[in-house]
Amino acid sequence: MITRSASDAGAAGPVRRAWCRRALVAVAAASACAAVAGLLATGPANAAPPVPTARGDNPYEGATVYVNPEWSANAATVPGGAAVADQPTAIWLDSLATLHGPDAQTGRTMKLADHLDAARAQGADLVQLVLNNLPGRSCAREAGQGELAPGELDRYQREYVDTIVDIISDPAYAELRIVTVIEPDSLPNLVLHTGDRHDATWLCQQVLESGDYVRGVGYALAQLGELPNVYNYLDAGHHGRIGWDEDFMAVTDLMWRAANTEGARSADVHGFAVNVANYSVLHEEYFTVDDVINDQPVLQSRWVDWNSYVDELPFAEAVRKRFVRLGFDWDVGMLIDTSRNGWGGPERPTGPPDPDEQWWGVDDYVDSNRIDRRNSAAHWCNQTGAGLGERPTASPEPGVDAYAWIKPPGESDGSPEELPDAGGRQPDAMCDLYDDWDFEETGALQGGGLSGDWFPAHFEQLLANAHPPL
């Protein structure tokens, strides 16, 4: 029997499957923020009111968004791929080579200026860029570690950010709206993978202590914020990363601080991006976090694991409200990456559960009715059974500037194997069949290349499981 509970998810208490992690969470979150606070004096209590921006409210409204011809050509080579080969995807600037071209590791031949020129030739007026090259990048994931080491903040600022600013500030590109997604998944790592956390890493601790992430993000926001045609969206993780109340508060506080250092101010942030390069569904249609099964709350299920959120739309709205309370402009907008969160196909539930059906327990109920078919919301590498999600759309929901394909579907998340031409990219155990922490199946489709390589077999699955269907 299904019942609904009005209980507050945050009041349930920090009981987690990885209970040792939750027992130390308050200490770790506090220590992470304390370390950053030592680097920064700015905070919500003493920050100046945000300066109104002269930019338009939503850059995606009425825009013709650039279609990357390199991604489009790859998509068209896969049977059925021509149906989506005309969709706009973001350009990932994840190495210095992507600015100057060619990038021998991933096979990309176009440099940043080539993309901007191609956008003008297409008649597009909006280009989506992802900045992804911090020193010690992806400190919690071996698959995405980049070319700059901790301590190379100056190179990041001068050779990377300043070069991007120089290129896109060319008067020839003044009519292009430039959407920048700033350093996906970086700042959450400073809370989630440092200190006494059970999954803390040496590299995340190094970048926390160096301040490279915080100062690098602040510098990028400040420099790009000076350009009138640039719209900065700061990455805010996803519900499976920071959906627990203490993590949510610690990470959002840290993001506010980063947006107010190195010359940045809150007005340099036009909005926030969630679910970047991830698989979380927009809305779980057939169960809620407040359901109770046989007197056991869904919160206690293995899948939910005491998380306050089970999907991205409610999480995105909560992120937006939180940032407005911290001091960001009241009309900040959200981007949600829907490139791989469709989860269609034969495994997708087709309707709500029968209210009189008997369930073996809360895990049976949730696993039978959830749309997201991953083994865990923490799994992120080339997920088997995933599908293309909502097509790129402007203003799909109140407060959401766009659904966007920020992660180009069909590009690999990583590989468990050492491969040639790595260019600083490492194999990652989460791309293997079982992860190293709890020996749980990762759900990763095997056979993919390193991060950013074209993975046609995964793209075939994304096409077959698209929702809405193609």
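**View 1. Contact between helix H6 and helix H9 in a predicted model.** In this view, Leu153, Tyr156, Gln157, Arg158, Val161, Asp162, Ile164, Val165 and Ile168 of H6 meet Asp212, Arg215, Gly216, Tyr219, Ala220, Gln223 and Leu224 of H9, where contact means heavy atoms within 4.5 Å. By class, this contact of H6 with H9 has 9 nonpolar, 3 polar and 4 charged residues; Ala, Val, Leu, Ile, Met, Phe, Trp, Tyr, Cys and Pro count as nonpolar, Asp, Glu, Lys and Arg as charged, and the others, Gly among them, as polar. The axes of H6 (residues 153–168) and H9 (residues 212–225) come within 10 Å and cross at roughly 20 degrees, which makes H6 roughly parallel to H9, a term used for angles under 35 degrees. Axes are lines fitted to C-alpha atoms, for helices over the stretch in contact, and angles run from 0 to 180 degrees between N-to-C directions. Helices (H or I, at least four residues) and strands (E, at least two) are DSSP runs, numbered from the N terminus.

The model is predicted, so local features need pLDDT of at least 70 and side-chain atom pairs count only at pLDDT 80 or more, while totals for chains, interfaces and linings use all residues. Residues are numbered from 1 along each chain as its sequence is written, and side-chain values use heavy atoms, with hydrogens and water left out.

View 2. S5 (residues 230–235) pairs with S6 in the parallel sense over 3 bridges, and Phe272 in S6 is the bridge partner of Leu234. S6 also runs parallel to S9 (residues 333–337), to which 4 bridges join it, and Gly333 in S9 is the bridge partner of Gly271. Two strands pair if DSSP finds at least two bridges between them.

View 3. Asp295, in the loop between S7 (291–293) and S8 (296–297), has phi near 65 degrees, a positive value in a residue other than glycine, and is exposed, with a relative accessible area of 77%. Asp305, in the loop between S8 and helix H12 (312–326), has phi near 60 degrees, but counts as buried at 9% relative accessibility.

**View 4. The cis peptide bond between His467 and Pro468.** His467 and Pro468 are joined by a cis peptide bond with omega about 5 degrees, and Pro468 lies in the segment after helix H14 (456–464).

Note on methods
Parallel < 35°, antiparallel > 145°, perpendicular 65-115°, else oblique. Buried < 20%, exposed > 50% of the residue type's maximum accessible area, 1.4 Å probe, protein only.
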